Amino acid sequence: MLASSPSKTLRLIVVQPEQRVAEALAMVVSHDPAIHIVETVNDVDDARLGANHADLILLDGDELGSALERAIATCERAAPLARVCVLSIRSRADDLRRALAARADAYIVKDFTPVAFCAILRSVASGYYYADPRIAGAMLRRRSMRSAVTGELSGRENEIVRLIAAGLSNRDIGARLSLSEKTVKNHVSHIFTKLKISARSHVAVYAIRSGLVS
Amino acid sequence: MAPAYDERSVVRTYVIEPQTTFVPFLERALGEAGLDVVAVSAGVDSERIALAKPDAVVVDVDFVEKGGPNALCQVRAAAPHATILAYTASDDAAFSAICTIAGTDALIAKSSGAGEFAATVRRTLAARRRTGRSRE
């Protein structure tokens, strides 16, 4: 559920070079009297970006294209307290990842309703992050399916990794965990497959890098 | 500066119309506006749109699957340089604003006659070319 703080008026700066789109955004935002557009500028290099104590800055990811990262960095420098929302027509995981990696606080696909859009802005202004749930959901599902097939180790496998890293043989691990040597061997085989490694020494390296052992 | 819209130039037009009964009217109105309809589909097929390389795309935003604004986003992603026209029976200003944000260049009312439809299409094509956003 999205959080909101309707009592506070949010100060929004819209960065939009196309006037008719800027006017459309103003019309949509006008549905929420708690959101006030304090400035509309053509680009992030406009000095007004840092002069208006904005809570939120709205960037058009489609207009910015390859300049998105630089634009977000410029917003951070000019208005460090403002949160940056990226609008886009694109529903691809790569575009979402790119925006978040560039430190955007929200990635919003442009097919919203006015009510949903205003709720997202309020939520982001109050400290939450927002990623379009259709893209984020698909990413999480893919990740879950991947880890189910090859990915992350189970609790038992992590336990065995720790013991391999401590230098124990399969027989010793079996004795420690009350498992047969053959069962331990199966677990080790799965661990090798999941981690895409071929030697016990690699397991120790993985254990250290992943923080399983210090 | 981008050249003004030339009524003699060929305008390859892609129509997305889930209601097949509207298709003959759209084809006639677009023909009157001097546009060549190169493809008609009932929904957004991004791959087909990209392959068609249309100069203009007409989208019936009232009936398309997943809603008009979503369709417009997909069309704009598939044809970034095309002039996109949203065909709608809605006169709701908020819906119009959302369609504009989602990528349409203009909305055409379903109540428009063929002449008015054609005039809106021509005006929009010319405006998009003036701003240098269309493929020249």
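The model is predicted, so local features need pLDDT of at least 70 and side-chain atom pairs count only at pLDDT 80 or more, while totals for chains, interfaces and linings use all residues. Residues are numbered from 1 along each chain as its sequence is written, and chains are lettered from A and ligands numbered from 1 in the order in which they are written.

**View 1. The open sheet of chain A.**
Six strands of chain A line up as S2-S1-S3-S4-S5-S6. Strands (E, at least two residues) and helices (H or I, at least four) are DSSP runs, numbered from the N terminus. The sheet is open, and its pairing is parallel. Two strands pair if DSSP finds at least two bridges between them. S2 and S6 (130–131) of chain A are the edge strands, each pairing on one side only.

**View 2. Strands S1 and S2 of chain A.**
S1(A) (residues 10–15) pairs with S2(A) (residues 35–41) in the parallel sense, over six bridges. A:Arg11 has A:His36 in S2(A) as its bridge partner. From S1(A) the chain passes through H1(A) to S2(A), a right-handed β-α-β crossover. Right-handed here means that, with the strands pointing away from the viewer, the path from the first strand over the helix to the second runs clockwise.

**View 3. Strands S4 and S5, with helix H4 of chain A.**
Four bridges join S4(A) (residues 83–88) to S5(A) (residues 106–109) in the parallel sense. A:Val86 has A:Tyr107 in S5(A) as its bridge partner. H4(A) (residues 93–101) lies across S4, S5 and S6 of chain A. H4(A) runs at about 150 degrees to S5(A). Angles run from 0 to 180 degrees between N-to-C directions; axes are lines fitted to C-alpha atoms, for helices over the stretch in contact.

**View 4. Where chain A touches chain B.**
Here 12 residues of chain A are in contact with 14 residues of chain B. Contact means that the C-beta atoms, placed from the backbone, lie within 7 Å. H1(A) gives the most to the side of chain A, with six residues.

**View 5. Helix H1 of chain A against helix H4 of chain B.**
H1(A) (residues 19–29) and H4(B) (residues 93–102) pack at about 135 degrees, with axes 8 Å apart. The two helices are therefore oblique to each other: angles under 35 degrees count as roughly parallel, over 145 as roughly antiparallel, 65 to 115 as roughly perpendicular and the rest as oblique. Residues that meet here include A:Ala24 and A:Leu25 in H1(A), and B:Ala97 and B:Ile98 in H4(B).

Conventions. Contact = placed C-beta atoms within 7 Å.
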